[in-house]
Amino acid sequence: MAHTCIHWFRKGLRLHDNPALVAALRDSKEVYPLFIVDPHLHNATRVGVNRWRFLIGALTDLDGSLRKLNSRLFVLRGKPEEVFAKLFTQWKVTKLTYEYDSEPDSLTRDQAVTALAEERGVEVLYKVSHTLFDLDRIIEENNGKAPLTYNKMQAIVKTIGPPRRPVPAPTLEDMKDVKTPVTKNHAKEFGIPTLDELGHDVGDLNEEKFPGGEQEALRRLEEHMQRSGWVCSFEKPQTSPNSLSPSTTVLSPYVTMGCLSARTFWWKLTEVYRGKKHSEPPVSLHGQLLWREFFYTASLGIPNFNKMKGNPVCTQVDWDSKPEFLAAWREARTGFPFIDAIMTQLRQEGWIHHLARHAVACFLTRGDLWINWEEGQKVFEELLLDGDWALNAGNWQWLSASAFFHQFFRVYSPIAFGKKTDKNGEYIKKYLPILKKFPSQYIYEPWKSPLSIQQAAGCVVGKDYPRPTVEHEVISKKNIQRMKAAYARRSTNTSSESPQKKQGVKRKSESVVDMLKKKEKKK
């Protein structure tokens, strides 16, 4: 049967390594490549202007690539179930393909669309290509549970073997018997929206450092792979959180949106590593992709993964409600230049280094402000180009010492940490130019400088730049005690394993409190 098929683009905004798209072309006479601007996902609360700009760039690039295959991208706005209810009839659709998405809301959405398709007699086919592996397979190999340690994850992946090799992008030859019906009104009916049309003020936008799209992703990947020595010696903890230009690949936004396939990235690294001495996971670039897989698997296997309450692996902490502190953190006016510079870069550029994320996340939660990690998660989701649901939730739990990482007594200093890699505060001067005339000895702590120096620098603390919201040395010690109490309150029955997703071997697991007691005995 020659199908009329819709290929539904969501995250996998690319032609390379897109097995669901390849499946769409197979046995089809007509193919409609479709992207839906979903009001639930694509709204002002969840998507900031930089992310919108990146997404529009990715869609524009995708449409350009489809044009070369004598096809086009169709963009519509609305709830997917309502959009498909019309399109299945209007286009006489017999087949629907898409890339598997493991996020809870996405799974609910896809179930609703699949049910509708089945009612209409539309065949539905999806493929796994947003992750390296089939996440259900990883959970299955771990007795029906998501692994909660990186070492366990590595062991499971080792038994599964390497990720599948990426599939080639479709060619004109693949499209020779397939047509995409395009009308003269295509741009008006199915065009990609502009930032203006979406209600964004483009006047405040900064230079776009990381343009969206598959072509840009592949160009950047190739550029980095040419630096074989750097790739082989890469160790994430040794990179700088406050360098003036990125000290990592900044490929994460492209992998998040699916402009770059994680499997393509994996196998390109494998080619570079071959026959050479190279770093190993967890710190290597392969290791970074496995971290992504680790949190994706956890997010699928653990209920309420992006919340504290109802999350079986998350420590229940009595976080404070401090709207004024949260606003100061979000708006880069905490009075700690290193923290404020990071938050300024985040808002301007949509990207900050992984260790910079560590610093501001620790500061907001257990380090200084004692605010629920869910609040920080929301800000990152809005502002980060690589605001990935699973990684965002997982990393916030880690950095707040709520799950995965339990050494809550290790606190990032908002002063000393930045000095390690940027003694003179050049990063602070770049993102907080109001402080650029301060001498190096005061750039991280301008409130300690004499008034005469502040006046000479043209910035009086408390007037031109805020005083510190808290006294770090005092509050961090107090918060360590509060965290210790939160851990002590954890029931000894609280599992340190994720809940069982399928039938498997049940194990009695230690609570974090039990583990801490054991450590005390060893001392």
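The lining of the largest cavity is made of eleven nonpolar, five polar and ten charged residues; here Ala, Val, Leu, Ile, Met, Phe, Trp, Tyr, Cys and Pro count as nonpolar, Asp, Glu, Lys and Arg as charged, and the others, Gly among them, as polar. The model is a predicted one, in which local features need pLDDT of at least 70 and side-chain atom pairs count only at pLDDT 80 or more, while totals for chains, interfaces and linings use all residues. Residues are numbered from 1 along each chain as its sequence is written, and side-chain values use heavy atoms, with hydrogens and water left out.

Rolling a probe the size of a water molecule over the atoms shows where empty space is left. On a 1 Å grid over the protein atoms alone, a cavity is a set of points where a 1.4 Å probe fits but cannot get out, whereas a pocket is an open set with protein on both sides within 12 Å along at least five of seven lines; a lining residue has an atom within 4 Å of a point. Grid points are joined across faces, edges and corners, and the volume is the space filled by probe spheres set on the points. A search of the whole structure finds five cavities of 30 Å³ or more, and the largest cavity holds about 420 Å³ of space. Lining this cavity are 26 residues, with Lys11, Leu41, His42, Arg51 and Glu103 the closest to its centre. Two or more lining residues come from each of strand E1 (3-9), strand E2 (28-37), helix H2 (49-67) and helix H4 (104-119). Helices (H or I, at least four residues) and strands (E, at least two) are DSSP runs, numbered from the N terminus.

Strands E1 and E2 also belong to an open sheet of five strands, in the order E3-E2-E1-E4-E5 and with parallel pairing; two strands pair if DSSP finds at least two bridges between them. Strand E3 (74-77) and strand E5 (123-127) stand at the edges with a single partner strand each, so one side of each is left without a neighbour in the sheet. Further in, E1 and strand E4 (residues 95-99) run parallel and are joined by four bridges, and Ile6 stands opposite Leu96 in E4. Helix H2 lies across E1 and E2, running at about 170 degrees to E2. For such angles, axes are lines fitted to C-alpha atoms, for helices over the stretch in contact (heavy atoms within 4.5 Å), and values run from 0 to 180 degrees between N-to-C directions.

Now for the open spaces. About 530 Å³ of space lies in the second largest pocket. Its lining counts 25 residues, and Arg46, Asp105, Asn306, Lys307 and Trp389 lie nearest its centre. Helix H16 (373-383) is among the elements that supply at least two residues of this lining, and H16 gives the most, with five residues.

Pro281 and Pro282 are joined by a cis peptide bond, with omega about 10 degrees; Pro282 is found in the loop between helix H11 (262-273) and H12. In the loop between helix H5 (135-141) and helix H6 (150-160) sits Asn143, whose phi is near 60 degrees, a positive value in a residue other than glycine.
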